[in-house]
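Here is a friendly walk through one protein model. Have the sequence and the structure open as you read.

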Amino acid sequence: MKTIGYAALAGLVLAAGCTKDEAKTDANPPAQRGTAEAARPSGADLQYTPDPDPTPQQIEQGRFATDWTEVVKLDTTGGGAPIRNPEKWEQITADRVNNGPMFLPLSGDVSGPSVLRVQMLLDRAFFSPGEMDGYYGKNTAKAVYFFQQAHGLRGTARVDSATFAALARAGGSPQNLVRPYRLTADDVKGPFITIPENVQDQAKLSCSCYNNLTEKLGEDFHVAPDLLKKLNPGVNLDGLQAGQSINAPLVRDSTARAPGEVSQIVVSGRGSYVQAQDASGKVLYHFPSTLGSTYDPSPSGEFKVTNIEQNPAWHYQPNLIATAPDTAHEAMVPGGPNNRVGAVWMALSAPHYGIHGTNKPETIGYATSSGCVRLTNWDAKFLSHRVRSGTPVHFADIQGRAAGQSFGDQGMTSGGGARSGAAGAGARADSAASAASEEPKAGAHGTPGGKSGGPGNNRGTGRDTSKAGAARP
C-alpha cells in the first residue's frame, strides 16, 4: 500500500482543466406556478407501478456488480494480490481529505478520504462518478476506466499513482478539494415541501421542489446528503441561513467544457453509462446511468435528440393504463427536481423515450429503469448544455433486445429546437402513470416498453413510487 501526500502531489503537477475557485455548481430554481397550463408536449410516457423501493442491500449489490466489464477491455495484467486499504468511511473529514495521506492503489470494497478525493477529481475531470459518497463501486470504477482510456493509461479501473497524478492534472490541481463555501440567498431559498404519493395531490403543488435544504445542497454539490453531513459535523444543514458557511466539495465548474465539440451521444445498456464523444470517438464527458431492464428495455439503434427542456412538467395520463380506475383523471404535475423526469428532459426520436434527470440520484447505476435513460440531475443538466437538437444518439448492447434490432422511428426529423436555457419555461413531459398497472391500454399511442418510470428508494418522504428494478447482481 503506497501512501503519498495529496497536497504535495497536487503541487507538482501543472494547473489544467477546471479553474473555478468556488465549490458551487448549477443553480436549481423551482418551476414557476402555471407551468403546467402553459406546457407543450415533449412526448415522454412514464408508466410505473407501486413495487417496493430497492433496499439498501439491493443498491449495495448493484455497487459491486461487474456486468459493465463485459463491454470493456479491462486490463487485469500485473494487478497483483488485493491490497488492504486501512481507511474507513468514518474517517472522512474536511481536513483529512485536504491534508491526509493518499492510499494507493484504490479498487474494490474500499471507502474513506482517498476514495472521496478520487471521486471529486473525477467529477472535475468530466468523468462523473454519479453521487459522490466516499465509497468505491462500479460507478467510480467505470469513471476511472474511461478516464484512463482517454488519457493513454492502462485501463485497469484501479487508481494507481500514475492515474491519480493524471486525475490531479485534469481536475485543475486544486490545493484543497473541500473548501468553506458561503451560502447565498439563492442557495438556501425554498420552498421546501413533502412530495405526496398521490398524483392528483402532486398536481396541486406549486412545484416539485426539494424536500429540505440538505437535499438541495447535496444535489448542488453532487454529494450524498449523509456525506455532506459528515463533512459538517454538528451543523443543522436544514437550518442554515444566507451568509453562513459550510464545508463543500469543490465540484466541476458548470460552465467548464472539455476541448472539442460533442458529435454524438453513446448509451451503453450493459455498461450502464452515457458518454458524449467528439467526431473521432474520443470521450469528452462520461456519466453513470440507469437504463431499462431486460423486461422493459431501452431502445436499440440510432436516434437523435429532438428537443431539450429544462424543468419539464409531467403529464399524468391514466387512459394509457389498462387497469387504471375509471374514476382516474389526467393531472399535470409541475416541474422541479423531484419531478418524475427530474430537472431536464432530452427527448429522443424514439417515441416516448428520453435522457433525463431523476429524483433519486443514489440509485443511478445501481438499479434499472423502465426504459428511459436516467442521469443524476446535475449530470443531466451538464450534458443538456453541451448537446443540441439533432445530436445523434447511439444505443448499444441493450438488454432484452436481439442484436441489431432497432426500435422507434429512426428517420424522425428533429424538431422543437434545443432550449437549454429555458428553466421553468413551461416544458411538459407527457406521461402515463398508474399505481396499479404496468401495461398500456390496447390501441394507446406510444410503443411497447416506452416507459421511463424510475427506481424508488427511501431518500425522501412520499417520493417516486415507481417500478424498481432490483439492483443487478
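Which residue does a disulfide join to C207? The partner is C209, with an S to S distance of 1.4 Å. Please keep in mind throughout that this is a predicted model.

## The disulfide

A search of the whole structure turns up 1 disulfide, and it is the one that joins C207 to C209. The torsion about the S-S bond is about -80 degrees, so the disulfide is left-handed.

Are these two cysteines buried or exposed? C207 has 1% relative accessibility and counts as buried. C209 counts as buried too, at 2% relative accessibility.

## The chain and its confidence

The protein chain has 473 residues, and 60% of them count as buried. Its secondary structure comes to 12 helices and 16 strands. Among the contacts in the chain with a separation of 6 or more, 76% are between residues 24 or more positions apart.

How confident is the predictor, and what is the average pLDDT of the chain? The average is 75, and 68% of the residues score at least 70. Over residues 10-51 the pLDDT is below 50, though this stretch has 167 contacts in the model beyond near neighbours in sequence. Residues 293-297 also have a pLDDT below 50, and that stretch has 21 contacts beyond near neighbours in sequence. Where pLDDT is low, the predicted coordinates should not be read in detail.

## Helix α6

Helix α6 covers residues 138-150. From its first C-alpha to its last, this helix of 13 residues reaches 18 Å, close to the 18 Å expected at 1.5 Å a residue. It is mostly covered, with 11 of its 13 residues buried. Among the buried ones are K138, N139, A143, V144 and F147.

Which elements cover the buried residues of α6? The cover includes the helices α3 (56-63), α5 (113-124) and α7 (161-170), together with the strands β6 (273-277) and β7 (283-288). Just after α6, G152 takes a positive phi of about 70 degrees.

## Aromatic pairs around α6

The whole structure holds 11 aromatic pairs. In one of them, the rings of W68 and Y145 have their centres 6.0 Å apart and their planes at 65 degrees, so the pair is edge-to-face. This pair links distant parts of the chain: W68 is in the loop between α3 and α4 (94-99), while Y145 is in helix α6, 77 residues apart. W68 is buried, with a relative accessible area of 4%, and Y145 is buried as well, with 3%.

Y145 also pairs with F146: the ring centres are 5.0 Å apart and the planes are at 85 degrees, so this pair is edge-to-face. F146 is buried, with a relative accessible area of 10%. Ring pairs link W68, Y145, F146 and Y273 into a cluster.

## Helix α10

At the start of the helix, a side-chain oxygen of N212 reaches to within 3.3 Å of the backbone nitrogen of T214. Just after α10, H222 takes a positive phi of about 60 degrees.

## Backbone details in the loops

Two cis peptide bonds are worth a look. The bond from L104 to P105 is cis, with omega near 0 degrees, and P105 lies in the loop between β2 (101-104) and α5. A157 is buried, with a relative accessible area of 7%. S173 has a positive phi of about 50 degrees and lies in the loop between α7 and β3 (178-182). At 14% relative accessibility, S173 counts as buried.

Definitions and conventions. Residues are numbered from 1 along each chain as its sequence is written. This is a predicted model: local features need pLDDT of at least 70, side-chain atom pairs count only at pLDDT 80 or more; totals for chains, interfaces and linings use all residues. Side-chain values use heavy atoms; hydrogens and water are left out. A polar contact is a pair of N or O atoms within 3.5 Å; within protein, one must be able to donate a hydrogen and the other to accept it, and residues adjacent in sequence count only if both atoms are side-chain atoms. Helices (H or I, at least four residues) and strands (E, at least two) are DSSP runs, numbered from the N terminus. A disulfide is a pair of cysteine sulfur atoms within 2.5 Å. Buried means under 20% relative accessible area, exposed over 50%, partly exposed in between (1.4 Å probe, protein chains only). The expected span of a helix is 1.5 Å times one less than its number of residues. Contact means heavy atoms within 4.5 Å. pLDDT is the predictor's confidence in each residue, from 0 to 100. Rings of Phe, Tyr and Trp (its six-membered ring) pair if their centres lie within 6.5 Å; planes under 30 degrees apart count as stacked, over 60 as edge-to-face and the rest as tilted.
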